[in-house]
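Here are a few friendly notes to read beside the model.

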Amino acid sequence: MPFRNSSDLSSSSFILASIPGLEAAHFWMAIPLCSMYIVAIAGNCAVLFIVKTEPSLHAPMYFFLCMLAAIDLALSTSTVPRVLSFYWFNTKEISFGACLLQMFLIHTLSAIESTVLLAMAVDRYVAICHPLRHAAILTNALTVKIGLAAMARGVLFFLPLPLLLLPLPFCSSRVLSHSFCLHQDVMNLACANTTPSMVYGLTAILLVMGLDALLICVSYALILRAVLQLASWKERLRAFSTCVAHIGVVLAFYVPLIGLSVVHRFGRGLAPLVRVAMGNVYILVPAVLNPIIYGVRTKQIQRRILSLI
């Protein structure tokens, strides 16, 4: 039956994924998920507050960090409350419109975060390879323009994804593979030719996340070459130590993203627990780790947190 022509209420919705045999444990499984969400909210709000109130942190690198914090707050809040509602109150259905909106937010915010991570890599390259020109090149005004460009890039590239799915008919089986909506997951439930949607989705991912990852690697190759040209190992370690926090944040973002992509492409025979767990890791781990990584590596943030405590 076509998705849009049925009068049944459930035909206008998708079913969130549960874990076969563990439905009774959903309440307890949601507790660590909720704890991580609280840590993510508290940590990212603390970063935003500290950077705003600490004049010494009013620099492009920390403005980019604020952008990451805001993105992580939006990404986790657009998904985790709905997942917790599913686990605690058994609200399995999500409407077609809400699913498309959630899918658009997840992919768009991920694209914006990827662009911001690339901008932070460029900031580290300029700071290490051209330190005398750093303040003149990366001004606060340019930082704001980069943030706006990242938002525009994410919206323009990923707005077509829900629009391509909107006219498609969907089969009677509308059970998703995750506790939230992703493009490929929803696309696989369509009873029509999904080649345009599949090709565009893959192209958008490669042109945004794939290109960003490649340029980040190029930036660090140039940074490594500049660091190795320094006279002593002490100077090399001191210069490269300024990149450790950013490298950690990049890994926290791209490793779950690649893992989730691999699960979707090659993990059809995997247990449902693996797919659900990978989806939750992708949504929450960067939001939890980013403020912790920068809190550990930035002395100004450490002192401010201790003073607040």
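1. Helices here are DSSP runs (H or I, at least four residues), numbered from the N terminus. A pocket is found on a 1 Å grid over the protein atoms alone: an open set of points where a 1.4 Å probe fits, with protein on both sides within 12 Å along at least five of seven lines, and its lining residues have an atom within 4 Å of a point. This is a predicted model, in which local features need pLDDT of at least 70 and side-chain atom pairs count only at pLDDT 80 or more, while totals for chains, interfaces and linings use all residues. Residues are numbered from 1 along each chain as its sequence is written, and side-chain values use heavy atoms, with hydrogens and water left out.

2. Which helix gives the largest share of the lining of the largest pocket? That is H9, with 8 residues. The pocket holds about 560 Å³ of space, a volume being the space filled by probe spheres set on the grid points, which are joined across faces, edges and corners. Its lining has 23 residues, and Gln 184, Ile 205, Leu 257, Ser 261 and Arg 265 are the closest to its centre. H4, H8 (183-187), H9 and H11 (244-266) each supply at least two lining residues.

3. By residue class, the lining of the largest pocket has 15 nonpolar, 7 polar and 1 charged. Here Ala, Val, Leu, Ile, Met, Phe, Trp, Tyr, Cys and Pro count as nonpolar, Asp, Glu, Lys and Arg as charged, and the others, Gly among them, as polar.

4. The second largest pocket has a volume of about 370 Å³. Of its 14 lining residues, Tyr 62, Ser 241, Thr 242, Arg 297 and Thr 298 lie nearest the centre. H4 gives the most to this lining, with 3 residues, and the lining divides into 6 nonpolar, 4 polar and 4 charged.

5. Now the helix pair. The axes of H4 (residues 96-129) and H9 (residues 195-228) come within 9 Å and cross at roughly 15°; these axes are lines fitted to C-alpha atoms over the stretch in contact, with angles from 0 to 180 degrees between N-to-C directions. H4 is therefore roughly parallel to H9, a label for angles under 35 degrees. Their contact involves 17 nonpolar, 5 polar and 2 charged residues.

6. Lastly, the unreviewed UniProt entry annotates "transmembrane region" at several spans, including 94-122 and 240-264; such annotations may be inferred rather than shown by experiment. In the model, the end C-alpha atoms of residues 94-122 lie 40 Å apart, and the span is 93% helix and 7% strand.

Note on methods
Parallel < 35°, antiparallel > 145°, perpendicular 65-115°, else oblique.
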